[in-house]
Amino acid sequence: MPETVVLRRCYSCKTEKPLTDFYKNRALPLGHERQCIECHKKMNRTRKLRNRSKERSRIFSSNPENRAYLRAKSNKYMKLPEVRFKHNARQVVKRAIDTGKLIRPNRCSECGKSCIPQAHHYNGYDKKHRFDVIWPCRECHDLIHRLPDSVAERQAGVASGGMAG
Ligand SMILES: [Zn+2]
Ligand SMILES: [Zn+2]
Ligand SMILES: [Zn+2]
């Protein structure tokens, strides 16, 4: 049997691996990379993919024709009434927060976890309901939009509460 194999904890996957599973790197104090070879490859792959898609969109939008296409597409999208309402409603809420008219709580109104919650328009994005917001965290907000039934129920509750005043 060979004598003790030196194990090293990989910085990313936190697994103890023999030094042979790490790339040598003389520039580093320990003479080896902090990540195991597997993690190193994984990281390189994601980085490459990310760069490639970034590069592709850069090339695409460097062509004026494509830029016009993108602009037209986004204009068309913004012309859809529900999109515009949604966009406007968000802008209004953002401005209201900035000017102190609306106070963004520091916890989720649904699960209570402390976070920077998002404004959810439970009455829809109509002009008169612009300030009808609750403050779910990202996860709860996601859930609200994915489970419209439970929202309808909630909306009824919240709306009747709000209407009382
Ligand atoms: Zn690793
Ligand atoms: Zn939550
Ligand atoms: Zn929402």
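Visitor: Is aspartate 132 buried, partly exposed or exposed, and how many other C-beta atoms lie within 10 Å?

Guide: This is a predicted model, and in it aspartate 132 is partly exposed, because 19 other C-beta atoms lie within 10 Å, whereas a residue needs 20 or more to be called buried. Aspartate 132 sits in the loop between β5 (120-121) and β6 (133-134), and its C-alpha atom is separated by 10.0 Å from that of alanine 89, although the two are 43 residues apart along the chain.

Visitor: Which elements does the chain contain, and in what order do they run?

Guide: There are five helices and six strands in the chain, and from the N terminus on they follow the order β-β-β-β-α-α-α-β-β-α-α.

Visitor: What share of the 165 residues is buried?

Guide: Buried residues account for 10% of the 165 residues. As for contacts between residues at least 6 apart in sequence, 36% of them join residues at least 24 apart.

Visitor: Which residues form the largest nonpolar core?

Guide: The largest nonpolar core has 10 residues, among them Ala89, Val93, Ala119, Val133 and Trp135, and both α3 (81-98) and β6 supply at least two residues each to this core.

Visitor: How should I read a pair of packed helices?

Guide: Two packed helices are described by the angle between their axes and by the distance between those axes. Here the axes of helix α2 (residues 64-79) and α3 come within 5 Å and cross at roughly 85°, and α2 and α3 are therefore roughly perpendicular to each other. On the side of α2 the contact is made by Tyr77, Met78 and Lys79, and on the side of α3 by Val83, Arg84 and His87; by class, these are three nonpolar, one polar and two charged residues.

Visitor: How many residues does α2 have, and how many of them are buried?

Guide: Helix α2 has 16 residues and reaches 22 Å from its first C-alpha to its last, close to the 22 Å expected at 1.5 Å a residue. The count of buried residues among these 16 is zero, and α2 is accordingly described as hardly covered.

Visitor: Does helix α1 (residues 37-62) lie largely in the open or under cover, and why?

Guide: Of the 26 residues of α1, the number buried is one, so α1 lies largely in the open. From its first C-alpha to its last, α1 reaches 37 Å, which is close to the expected 38 Å.

Visitor: What is the phi of lysine 14?

Guide: Most residues other than glycine have a negative phi. Lysine 14, however, has a positive phi of about 60° although it is not a glycine. Lysine 14 is found in the loop between β1 (7-9) and β2 (16-18), and lysine 14 is exposed, with 8 other C-beta atoms within 10 Å.

Visitor: Where is serine 114 found, and which residues does serine 114 touch?

Guide: Serine 114 is found in the loop between α3 and β5, and serine 114 is exposed because 10 other C-beta atoms lie within 10 Å. Not counting residues up to four places away in sequence, serine 114 touches Asn106 and Arg107. Serine 114 and cysteine 137 are 23 residues apart in sequence, while their C-alpha atoms are 8.4 Å apart in space.

Technical notes: Residues numbered from 1 in each chain as written. Chains lettered and ligands numbered in written order. Predicted model: local features only at pLDDT ≥ 70, side-chain atom pairs only at ≥ 80, totals over all residues. Helix = DSSP H or I, 4+ residues; strand = E, 2+ residues; numbered from the N terminus. Buried ≥ 20, exposed ≤ 12 C-beta atoms within 10 Å, placed from the backbone. Contact = placed C-beta atoms within 7 Å. Expected span 1.5 Å × (residues − 1). Core = buried A, V, L, I, M, F, W, Y, C linked by C-beta atoms within 7 Å. Axes fitted to C-alpha atoms, helices over the stretch in contact; angles between N-to-C directions. Parallel < 35°, antiparallel > 145°, perpendicular 65-115°, else oblique. Nonpolar A, V, L, I, M, F, W, Y, C, P; charged D, E, K, R; others polar.
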